[in-house]
Amino acid sequence: MEGLFLDGVRIALGGRLLVSLTRHVPPGAVLTVMGPSGAGKSSLLAYLGGFLDPAFTACGRALVDGVEITALPAEERHVGILFQDPLLFPHMSVAGNLMFALPESVKGRAERRRRAEAALCGVGMAGLGGRDPATLSGGEKARVALARVLVSEPRMLLLDEPFSKLDTQLRQQMRQLVFSKARESGLPVLLVTHDMADARAAGGEIVKIGA
Ligand SMILES: Nc1ncnc2c1ncn2[C@@H]1O[C@H](COP(=O)(O)OP(=O)(O)OP(=O)(O)O)[C@@H](O)[C@H]1O
């Protein structure tokens with residue numbers, strides 16, 4: 001099956017069932033997960049990313065394009081994640097941040113730099129590869145974080161409230177950019193948010209947990 005298939009994913013904490021989900025997310029589409037604080041949204045992303053705290057118990061499978069990612073170690077899952085904070089490495093240039101994220105299969109410094117610059121261009125940041133991340137605005141940092149996740153050639157995207165720290169106008173721009181890039185690349189997306197406007201902009205199915 002193309003895209004992301006969540007097959008009976010169940011996450012519990014101390015005997016309390018937080019998440020129970022079976023869904024298909026086609027390539028380029030977004031599944032939005034909403035729910036009150038403590039409902040288990042971040043835990044679901046952590047389960048898919050392979051970094052769920054051992055305090056939780058979890059079962060069920062997640063497959064991307066038929067590959068069972070939940071059976072793989074975290075470093076082999078190739079899941080791209082965007083958090084509230086862009087989390088750029090402060091000791092590297094913008095281009096350095098992207099080059100660090102490129103797969104090892106991309107060989108040669110010149111080619112790695114070219115790929116990084118192309119990805120920056122794709123998010124409206126052409127020519128800014130030499131900048132120190134500390135000199136960027138919040139919106140620019142968010143774009144670099146998106147470019148960095150895209151150059152890593154992920155199988156899918158996990159978004160943990162990635163727009164919540166941006167002001168209204170930037171928020172709209174980033175939503176459009178992220179969802180259009182996901183569509184362009186055919187990546188299934190799982191979005192966690194408290195904001196109904198994010199969910200509407202995502203345009204896909206909305207699942208409420210813990211309600
Ligand atoms: N490492 C941990 N050990 C024990 N309990 C935890 C741990 N991490 C989170 N929890 C608890 O697990 C539950 C689910 O947490 P989770 O962070 O997944 O919720 P959330 O829906 O993402 O909440 P928020 O919207 O506030 O981020 C909460 O009750 C939380 O207190």
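Author: Helices (H or I, at least four residues) and strands (E, at least two) are DSSP runs, numbered from the N terminus. By that criterion, Leu 87 lies in the loop between strand S6 (79-82) and helix H2. The model is predicted: local features need pLDDT of at least 70, side-chain atom pairs count only at pLDDT 80 or more, and totals for chains, interfaces and linings use all residues. Residues are numbered from 1 along each chain as its sequence is written.

Reader: Why is Leu 87 called partly exposed?

Author: A residue is buried if 20 or more other C-beta atoms, placed from the backbone, lie within 10 Å of its own, exposed if 12 or fewer, and partly exposed in between. Leu 87 has 14 other C-beta atoms within 10 Å, so it is partly exposed.

Reader: How do you know whether Gly 14 is buried or exposed?

Author: Gly 14 has 7 other C-beta atoms within 10 Å, so it is exposed. The residue sits in the loop between strand S1 (4-13) and strand S2 (16-25). Its C-alpha atom is separated by 7.2 Å from that of Phe 56, 42 residues apart along the chain. Thr 57, 43 residues from Gly 14 along the chain, has its C-alpha atom 8.2 Å from that of Gly 14. Thr 57 belongs to strand S4 (residues 56-64) and is partly exposed because it has 13 C-beta neighbours inside 10 Å.

Reader: What makes H1 largely enclosed by the rest of the structure?

Author: In H1, 7 of the 9 residues are buried, so the helix is largely enclosed. The buried residues are Lys 41, Ser 43, Leu 44, Leu 45, Ala 46, Tyr 47 and Leu 48. Just after the helix, Gly 50 takes a positive phi of about 90 degrees.

Reader: Which residues does Gly 49 touch?

Author: Two residues are in contact if their C-beta atoms, placed from the backbone, lie within 7 Å. Leaving aside residues up to four places away in sequence, Gly 49 touches Ala 74, Arg 77, Val 79, Ile 81 and Leu 158. Gly 49 and Pro 73 are 24 residues apart in sequence, with 9.3 Å between their C-alpha atoms.

Reader: How is the chain divided into domains?

Author: Domain bounds come from an automatic or database domain assignment. Here it gives domain 1 (1-78 + 154-211) and domain 2 (88-153), with C-alpha centres 24 Å apart. Between them, 11 residues of domain 1 are in contact with 9 residues of domain 2. Helix H5 (residues 168-185) supplies the largest share of the domain 1 side, 6 residues.

Reader: Against which elements do the buried residues of H2 pack?

Author: In H2 (residues 94-101), Val 94, Ala 95, Asn 97, Leu 98 and Met 99 are buried. The buried residues of H2 pack against helix H3 (109-122) and helix H4 (138-151).

Reader: Why is the chain called as compact as a globular protein of its length?

Author: The chain has 6 helices and 9 strands. Its radius of gyration, taken over C-alpha atoms, is compared with the globule rule, 2.2 Å times the number of residues to the power 0.38. The radius of gyration is 17 Å, close to the 17 Å that the rule gives for 211 residues, so the chain is as compact as a globular protein of that length. Buried residues make up 38% of the 211 residues.
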